[in-house]
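Let's take a walk through this structure together, one stop at a time. Keep the 3D view open as you read.

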Amino acid sequence: MEGYRIGTVESLRLLRETLIAGEQTTGKLVSVCCGSGCMSSGSEHVREAFAREIKEQELEDEITVKKTGCHGFCERGPNVIIGPQNIFYNSVTEEDVPEIISETLLEDRVVERLLYEDPVTGQKCLYENDIPFYKKQKRIVLKNCGIIDPTIIEDYIKVDGFRALAKVLSQMTPEGVIEEIKLSGLRGRGGAGFPTGIKWETARNAPGKEKYIICNGDEGDPGAFMDRSVMEGDPYSILEGMMIAGYAVGASQGIIYVRAEYPLAVHHLSTAIAQAADLGLLGRNIMGRGFDFEIKIVKGAGAFVCGEETALIASIEGRSGRPRPKPPFPAIQGLWGKPTVINNVETLVNVSRIALNGGEWYSKIGTATDTGTKIFSLVGKVRNVGLVEVEMGTTLREIIFDIGGGIPEGKRFKAVQTGGPSGGCIPEELLDLPVGYESLAKVGSIMGSGGMLVMDESTCIVNIARYFLDFAQNESCGQCAPCRLGTKQMFKILQDITRGDGKPGDIEILLELSDAVKQASICGLGMTVPNPVVSTIRYFRKEYEEHIHEGRCRALVCRSLIFYRIKDYRCKACMKCLTACPVGAIIGAKWQVHEIDQSKCIKCGTCMAVCPKRFNAVECVTGLMEGSGDKSE
């Protein structure tokens with residue numbers, strides 16, 4: 001491959017056929033997930049163990065070891081797939097490697113203990129698609145993640161990589177590409193959901209020859225890792241999407257804006273760009289069709305507000321990452337004042353799929369108003385944490401319970417927050433809501449970039465609103481007063497409430513401030529940041545009232561509103577809590593029932609943790625303590 005150049009559409013086709021023909025004689029394959037999630041569980045050591053063992057047994061001609069991107073099932077990492085049977089092993093360790101080689105790779109026997117076991121039915125799953133986590137998913141954007149080695153461009157070419165680009169350059173006009181994207185109904189996956197084809201058309205029609213394509217890889221939502229996984233697992237699809245966008249819009253320069261705190265994504269993207277350039281897929285006269293395109297990476301410093309497109313542009317230009325009012329929109333006046341299309345990672349990956357299969361094909365997936373699929377990072381109090389790609393219109397219940405496996409430890413579902421820190425908390429009675437841009441907006445939430453945080457009954461809804469306000473006020477760029485001062489004041493009120501200092505009227509003030517911040521802020525951060533507060537008051541107002549008027553936190557989370565006490569009829573005076581208490585708040589002695597000195601207690605919960613389960617003598621309770629008075633007066 002060294003020195004090989006893809007100079008024409010035909011040469012790409014010939015290369016693909018050659019690569020596929022060579023693959024058929026390769027033999028057995030071990031694919032080890034090396035996304036960040038599995039790597040944190042030791043997958044790189046597992047991959048090295050396979051390589052080492054295979055070399056020692058002189059099996060290199062029979063067995064290939066490959067690293068891949070994220071499979072999505074991060075909860076069960078490290079994940080390993082054994083080919084050609086495609087047997088799925090989960091939670092694999094270095095110690096398991098010799099057995100997998102001797103049993104599965106050499107003797108075609110399955111190592112049962114490494115198969116996924118359905119916790120409901122107890123049934124073992126041999127293949128990935130047998131696992132409930134994958135059954136209801138539809139992987140379009142993630143189709144190559146877990147399949148290709150994200151550092152080998154030939155792997156991407158074998159799975160139809162750059163075929164969409166070849167088709168576009170050889171068979172379609174720029175206007176035709178835009179029409180195809182419009183026909184698909186694709187909307188921006190960064191959160192706002194603006195129609196991609198309209199954005200492209202606006203930029204194409206904007207005056208000026210110098211135009212830009214920017215990939216927004218600045219993923220700042222707490223708990224979100226969709227874009228990171230795609231950048232790590234399938235960087236080539238992003239490049240291809242950017243090239244197609246550049247051809248359609250009339251741009252010859254692309255920039256990927258990615259957080260510096262995503263080093264693996266930066267490494268894989270850099271590798272992909274260099275390899276594409278070496279093959280002649282980036283640079284001048286691509287595939288001999290007279291199209292020039294280059295891509296470079298700009299690393300962001302990790303500010304949430306830089307996910308907003310005008311702030312992102314300011315950051316690339318070397319200025320403070322602060323948004324500006326719109327219009328003019330970037331599609332008309334963007335980077336360096338030139339027409340600029342900004343699409344997020346997921347949007348751009350969809351582009352190559354649409355270009356290859358047609359806009360009509362894509363428009364039939366999902367719903368009439370929300371076509372295609374959406375990736376969610378499913379996190380929080382749910383059994384199967386990971387990346388989930390589903391058709392638009394899939395209900396929250398299907399995502400959380402059928403795919404996510406429901407709530408662990410027998411606890412009750414309480415709420416789900418969609419859209420990251422600017423999203424809303426949706427209660428149990430709305431679990432059958434189909435996921436879509438408008439449907440989520442109607443219930444007070446947003447799609448956002450795809451964060452999905454599941455909460456159970458042990459979550460304090462007031463505290464969760466305080467947490468997200470804390471994040472938002474810290475991430476506010478401070479440019480406009482409503483956002484800078486409004487979020488700060490809202491956070492202070494929420495903090496007072498969770499500390500037991502809430503006052504009658506606080507809820508109404510929070511709602512008034514929310515409305516003011518939403519109406520007067522100049523960018524999306526300020527306009528959406530009140531969502532967690534407004535939605536939690538809307539659906540869980542009773543809990544706010546309990547905090548303020550009764551000094552009660554039903555989830556036993558707000559430390560100021562709880563206290564520990566020892567049930568004297570259960571206490572065996574074993575002295576475990578007395579000796580473990582870090583502040584000496586336990587009173588008692590051997591054979592003398594213990595009690596807690598509330599004036600000294602710091603509510604750390606150590607006494608409850610060390611009390612033997614058979615005694616169960618310590619309890620955590622909430623509500624106003626005797627003599628503290630009623631705050632509603």
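Predicted model: local features only at pLDDT ≥ 70, side-chain atom pairs only at ≥ 80, totals over all residues.

Cys574 isn't in a disulfide either, with the nearest cysteine sulfur, that of Cys577, sitting 6.3 Å away.

Now for the nonpolar parts. In soluble globular proteins, nonpolar side chains tend to be buried together. Here the largest nonpolar core has 73 residues, and Phe162, Trp200 and Met287 are the ones with the most contacts inside it. Helix α11, residues 235-249, supplies the largest share of this core, with 10 residues. Apart from that core there is another one, made of 61 residues, including Met447, Leu510, Val517 and Tyr539.

Trp200 deserves a stop of its own. Setting aside neighbours within four places in sequence, its contacts include Val177, Ile178 and Ile181, then Ile244, Ala245, Ala248 and Val249, and also Val341, Asn343 and Val351.

Next, look for helix α10, which spans residues 226-233. How many of its residues are buried? The count is 8 of 8, so this helix is mostly covered, given that buried means under 20% relative accessible area. Among those buried residues are Asp227, Arg228 and Glu232, along with Met226 and Val230.

A polar atom of the Asp155 side chain lies 2.7 Å from the backbone nitrogen of Asp149. Not counting residues up to four places away in sequence, Asp155 touches Lys66, Ile147, Ile148 and Asp149.

Last stop: a pair of helices. Two packed helices are described by the angle between their axes and the distance between the axes. For α19 (residues 481-498) and α22 (residues 531-550), the angle is about 35 degrees and the axes are 11 Å apart. The crossing of α19 past α22 is left-handed. To see where they meet, pick out Met490, Leu494, Ile497 and Thr498 on α19, and Val533, Tyr544, His547 and Ile548 on α22.

Definitions and conventions:
Residues numbered from 1 in each chain as written. Heavy atoms only, no water. Polar contact = N/O pair within 3.5 Å; in protein donor to acceptor, adjacent residues only side chain to side chain. Contact = heavy atoms within 4.5 Å. Buried < 20%, exposed > 50% of the residue type's maximum accessible area, 1.4 Å probe, protein only. Helix = DSSP H or I, 4+ residues; strand = E, 2+ residues; numbered from the N terminus. Core = buried A, V, L, I, M, F, W, Y, C linked by side-chain atoms within 4.5 Å. Disulfide = S-S within 2.5 Å. Axes fitted to C-alpha atoms, helices over the stretch in contact; angles between N-to-C directions. Left-handed = near helix turned anticlockwise from the far one by under 90°.
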